[in-house]
Amino acid sequence: MKLTQIARRLMACVLLFLVGSVAPANAQEKLTTPLIIERADGSVHEFHVELALSNAQRQQGLMNREHLAPDAGMLFIFPNEDYRSFWMRNTLIPLDIIFMKKTGEILNIRANAKPLDEGPRYSSEGKAKAVLEIPGGRAEELNIKPGDIVRHAFLGNAKTFKN
């Protein structure tokens, strides 16, 4: 294993420890981490996302939220790549659901998933390691498309960008 791979895994473990052990000062606040989407043209957009790492966190997701800031979201990380499907039970706001490979490459986007929809699930078009939920309509607004790269420490592909 290369030293950079070891460093990335160590950084992810430290972040996991911090996320699991640090409580926000205000009970209403949610602990967030930065996430970058790098578009095909090289431009980037930063979100601040909550992490859904455990089964319980992934099942809860963004249920019962009445608001999500334009640059907020939730990143669901799974232990392996597999076909994923989400539904909108008890989700009160429209969401863009972004499915991605373990490399962070976006497979597909289910735009404006309908609130409280218990109909057919929104599914990945390939095996996904992670899923990002952002406010409905933001992917189109920011020109985020399949093939763009989601960068985050838990995907092992985080980069530093200069504004």
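Which ring does the charged end of Arg121 sit over? Here are some notes on that and a few other features; please keep in mind that this is a predicted model.

1. To take the opening question: the ring belongs to Trp87, and the charged end of Arg121 is 4.4 Å from its centre. A second contact of this kind is worth a look too, with Arg84 lying over the face of Phe78 at 3.9 Å from the ring centre.

2. Now for the aromatic rings. The structure holds three aromatic pairs. In one of them, Phe76 and Phe86 have ring centres 4.9 Å apart and planes at 90°, so this pair is edge-to-face. Because Phe76 lies in strand 3 (residues 72–82) and Phe86 in strand 4 (residues 85–86), the pair ties together parts that are 10 residues apart in sequence. Phe76 and Phe86 are both buried.

3. Phe86 also pairs with Phe78: the ring centres are 6.5 Å apart and the planes stand at 85°, so this pair is edge-to-face as well. Phe78, like Phe86, is buried. Ring pairs link Phe76, Phe78, Phe86 and Phe99 into a cluster.

4. Seven strands form an open sheet with mixed pairing, in the order 6-5-8-3-2-1-9. Its edges are strand 6 (106–113) and strand 9 (149–151), each of which pairs on one side only. On average, neighbouring strands are turned by 30° against each other, direction ignored.

5. Met100 stands opposite Ala130 in strand 8.

Key:
Residues numbered from 1 in each chain as written. Predicted model: local features only at pLDDT ≥ 70, side-chain atom pairs only at ≥ 80, totals over all residues. Heavy atoms only, no water. Pairing = 2+ DSSP bridges. Helix = DSSP H or I, 4+ residues; strand = E, 2+ residues; numbered from the N terminus. Axes fitted to C-alpha atoms, helices over the stretch in contact; angles between N-to-C directions. Phe/Tyr/Trp six-rings, centres within 6.5 Å; stacked < 30°, edge-to-face > 60°. Buried < 20%, exposed > 50% of the residue type's maximum accessible area, 1.4 Å probe, protein only. Lys NZ or Arg CZ within 6 Å of the ring centre and 35° of its normal.
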